[in-house]
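Visitor: I'd like to go through this one and ask what stands behind each label. Could you show it to me first?

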Amino acid sequence: MKKVFILLWVVFVMSSMPAYAVLGIFDKRPAEEQREGFIEQSQEILNELYAMKPEARQAVESAYGYATFSNFGMKIFLAGGGSGRGIAISNKTDEKVYMKMAEIQAGLGLGVKKFMLVWVFENKKAFDQFVHSGWEFGGQASAAAKYDEKGGSFQGAVAVAPGVWLYQMTDKGLALELTVKGTKYFKDKTLNK
């Protein structure tokens, strides 16, 4: 019984840690290699989105900018968290901002999840706010897919703020409803030097 308790305690502590801190510890590649990796990852995420929703290409390419993230999360009993890293790119200026995301979850549950996100910013103000001020979803925020006002190019995306759309992909495909809990997005200080 004592071994089970110790194992559960270790899992609880690990799942409660900000997972983005753990990711940073294990990635010992030089910064330039990490940056190249995020650019490649971004293209892979976009290719996957375009395979699922070909009309999304027009939305992404005609927007002021976009951001792509890959997220991994774990929830064990009462605590959980997730982390991810990604890149925001301006289509207009070719500015690249390397970013992190962290997610904290509370409530009963058990499981592991992996998903990819593509943020689309229709204008400079929305892009700048995301990359320079960060973005935070609190509580159990949930938004249903809304695209009628923008036509088919945003089909499958979720309107999360004026001028900001979000595609969420899981191993089962494009999510029609987005649930984001206690998630924060912020610049990666190390990679943006």
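Visitor: What share of the residues in the protein chain is buried?

Guide: Buried residues make up 44% of the 193 in the protein chain. "Buried" means under 20% relative accessible area, "exposed" means over 50%, and "partly exposed" is what lies in between (1.4 Å probe, protein chains only). The accessible areas come from the Shrake-Rupley method with a 1.4 Å probe, and for residues only the protein chains shown count as cover. Before we go on: this is a predicted model, so local features need pLDDT of at least 70 and side-chain atom pairs count only at pLDDT 80 or more, while totals for chains, interfaces and linings use all residues. Residues are numbered from 1 along each chain as its sequence is written, and side-chain values use heavy atoms, with hydrogens and water left out.

Visitor: How many helices and strands does the protein chain have?

Guide: Five helices and seven strands. They're DSSP runs numbered from the N terminus: helices are H or I with at least four residues, strands are E with at least two. Along the sequence, the pattern reads α-α-α-α-β-β-α-β-β-β-β-β.

Visitor: What makes two rings an aromatic pair?

Guide: The rings of Phe, Tyr and Trp (its six-membered ring) pair if their centres lie within 6.5 Å; planes under 30 degrees apart are stacked, over 60 edge-to-face, and the rest tilted. By this rule there are nine aromatic pairs.

Visitor: What makes Phe69 and Tyr185 a pair, and of which kind?

Guide: Their centres are 5.1 Å apart and their planes 70° apart, so they pass the distance limit and the pair is edge-to-face. Phe69 lies in strand β1 (residues 65-90) and Tyr185 in strand β7 (residues 177-187), so the pair ties together parts that are 116 residues apart in sequence.

Visitor: Is Phe69 buried or exposed, and what about Tyr185?

Guide: Phe69 has 0% relative accessibility, so it counts as buried. Tyr185, at 1%, is buried as well.

Visitor: Why is the pair of Trp119 and Phe130 called tilted?

Guide: The ring centres are 4.8 Å apart and the planes stand at 45°, so the pair is tilted. Trp119 sits in strand β2 (residues 96-121) and Phe130 in helix α5 (residues 124-133), so this pair ties together parts 11 residues apart in sequence. From C-alpha to C-alpha, Phe130 and Trp119 are 9.7 Å apart. Trp119 is buried at 0%, and Phe130 is buried at 0% too.

Visitor: Which residues form the aromatic cluster?

Guide: Tyr64, Phe69, Trp119, Phe121, Phe127, Phe130 and Tyr185 form one aromatic cluster.

Visitor: On to charges. How do you know that Lys124 and Asp128 form a salt bridge?

Guide: A salt bridge is a side-chain nitrogen of Lys or Arg within 4 Å of a carboxyl oxygen of Asp or Glu. The closest N and O atoms of Lys124 and Asp128 are 2.5 Å apart, so the pair qualifies. Both residues lie in helix α5, four residues apart, about one turn of the helix. Lys124 is partly exposed at 45%. Ser90 belongs to strand β1 and is buried at 1%.

Visitor: How many salt bridges are there by this rule?

Guide: Six. One of them joins Glu32 and Arg35, with N and O 3.1 Å apart. These two share helix α3, three residues apart, about one turn of the helix. Another is Lys53 with Glu55, at 3.7 Å, N to O.

Visitor: Why does Arg35 count as buried, and why does Glu32 count as partly exposed?

Guide: Arg35 has 15% relative accessibility, so it counts as buried. Glu32 has 46%, so it counts as partly exposed. Likewise, Lys53 is buried at 18%, whereas Glu55 is partly exposed at 26%.

Visitor: Which residues make the patch of negative charge?

Guide: Glu33, Glu36, Glu40 and Glu44 gather in that patch on the surface. Patches take residues with over 30% relative accessible area and no salt bridge; like charges are joined within 9 Å, and nonpolar side chains (Val, Leu, Ile, Met, Phe, Trp, Tyr) within 5 Å. Lys and Arg count as positive, Asp and Glu as negative, and His and the chain ends aren't counted. A charge is placed at NZ of Lys, CZ of Arg, CG of Asp or CD of Glu. Glu33, in helix α3 (residues 31-52), is partly exposed at 42%, so its area passes the patch limit.
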